[in-house]
Amino acid sequence: MAFELPELPYDYEALQPYMSKETLEYHHDKHHKAYVDNGNKLAAEAGMDKLSVEEVVKQSFGKNAGLFNNAAQHYNHIHFWKWMKKGGGGNKLPGALQKAVDSDLGGYDKFKSDFIAAGTTQFGSGWAWVSVKDGKLAISKTPNGENPLVHGASPILGVDVWEHSYYIDYRNARPKYLEAFVDSLINWDHVLELYEKAK
Ligand code: MN3
């Protein structure tokens, strides 16, 4: 299946003041689009253009770095846009998710500090994650485009810590960006949807 750049699920102004129109224009229209265009070209060259993005990610990992990086970043960004919403974030989690966060991650406050720590300590570009592995939630971090799919887990929440995600709005203050993401942007409904599928 050819990769397609999805529309943002909200206006370019919707996430202000936590994420600016300018950041979304560059991040979605230029960075994500480049992953789609390069991914399509490299998937066709590798004979993988009939596969789903998840299959391309899993099958190219460790074998075709160019294709993997672009396909994984496409997958990551499809969800990243949906992992945010206007008026999101904070500690009002849907019930099923609250239960899992309490039992597997030590409660909301510990989730928040561990998730922010994962994103802050990812050296260079990458992502911080909450994923489901063997039926339990886990927090992790990965370099560049890598994601929990290639480690036998299902990502249910991820935050992009590439500089292109925060430098316009926060300059070098990555922890401030991560705090704003958790407090004011997370779309817990999308996290719940992925959690229900992953269980
Ligand atoms: Mn990005």
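The following paragraphs lead through a predicted model of one protein, from its overall build to single residues.

Residues are numbered from 1 along each chain as its sequence is written, and side-chain values use heavy atoms, with hydrogens and water left out. Because the model is predicted, local features need pLDDT of at least 70 and side-chain atom pairs count only at pLDDT 80 or more, while totals for chains, interfaces and linings use all residues.

The protein has eight helices and three strands. Helices (H or I, at least four residues) and strands (E, at least two) are DSSP runs, numbered from the N terminus. Along the sequence their order is α-α-α-α-α-β-β-β-α-α-α. The radius of gyration is 16 Å, close to the 16 Å that the globule rule gives for 199 residues, so the protein is as compact as a globular protein of that length. That radius is taken over C-alpha atoms, and the globule rule is 2.2 Å times the number of residues to the power 0.38. The C-alpha trace spans about 45 × 40 × 30 Å along its principal axes.

Of the 199 residues, 49% count as buried. Buried means under 20% relative accessible area, exposed means over 50%, and partly exposed lies in between (1.4 Å probe, protein chains only). The protein exposes about 9400 Å², and carbon and sulfur atoms supply 51% of this area. Such areas come from the Shrake-Rupley method with a 1.4 Å probe; for residues, only the protein chains shown count as cover. Among contacts between residues at least 6 apart in sequence, 68% join residues at least 24 apart; contact means heavy atoms within 4.5 Å. As for charge, there are 22 positive and 26 negative side chains, and the centres of the two sets lie 3 Å apart. Here Lys and Arg count as positive and Asp and Glu as negative, while His and the chain ends are not counted. The place of a charge is taken as NZ of Lys, CZ of Arg, CG of Asp or CD of Glu.

The model holds a manganese ion, whose protein donors are His27 (NE2), His77 (NE2), Asp160 (OD) and His164 (NE2), at 1.9 to 2.1 Å from the ion. Donors are N, O and S atoms within 2.8 Å of the metal (3.2 Å for Na, K and Ca); water is not among the atoms, so sites may look incomplete. The spacing of the donor residues in sequence is H-x49-H-x82-D-x3-H. Asp160 and His164 are both buried.

His32 is found in helix α1 (residues 21–45). With 0% relative accessibility, His32 counts as buried. Beyond residues up to four places away in sequence, His32 touches Leu5, Pro6, His27, His74, His77, Ile78 and Trp81. Two of these, His27 and His77, are also donors of the manganese ion.

Tyr166 is placed in the loop between β3 (154–160) and α6, and at 3% relative accessibility it counts as buried. Tyr166 and Ser20 are 146 residues apart in sequence, yet 9.3 Å apart in space, C-alpha to C-alpha. Among the residues that Tyr166 touches, not counting those up to four places away in sequence, are Val161, Arg171 and Tyr177.

Arg171 itself is found in the loop between α6 (167–170) and α7 (174–185). Its phi is near 50°, a positive value in a residue other than glycine. Asp134, in the loop between β1 (126–133) and β2 (136–143), also has a positive phi, near 50°. Asp134 is exposed, with a relative accessible area of 75%. In the segment before α1 lies Pro17, and the peptide bond from Gln16 to Pro17 is cis, with omega near 5°. Most residues other than glycine have a negative phi, and most peptide bonds are trans.

Two further residues belong to helices. Tyr108 lies in helix α5 (residues 108–121) and counts as buried at 10% relative accessibility. Leaving aside its neighbours within four places in sequence, Tyr108 is in contact with residues including Asn91, Val182 and Trp188. Asp189 is found in helix α8 (residues 188–198) and is partly exposed, with a relative accessible area of 47%. Its contacts, neighbours within four places in sequence left aside, are Lys85 and Pro94. Asp189 and Trp83 are 106 residues apart along the chain, and their C-alpha atoms are separated by 8.4 Å.
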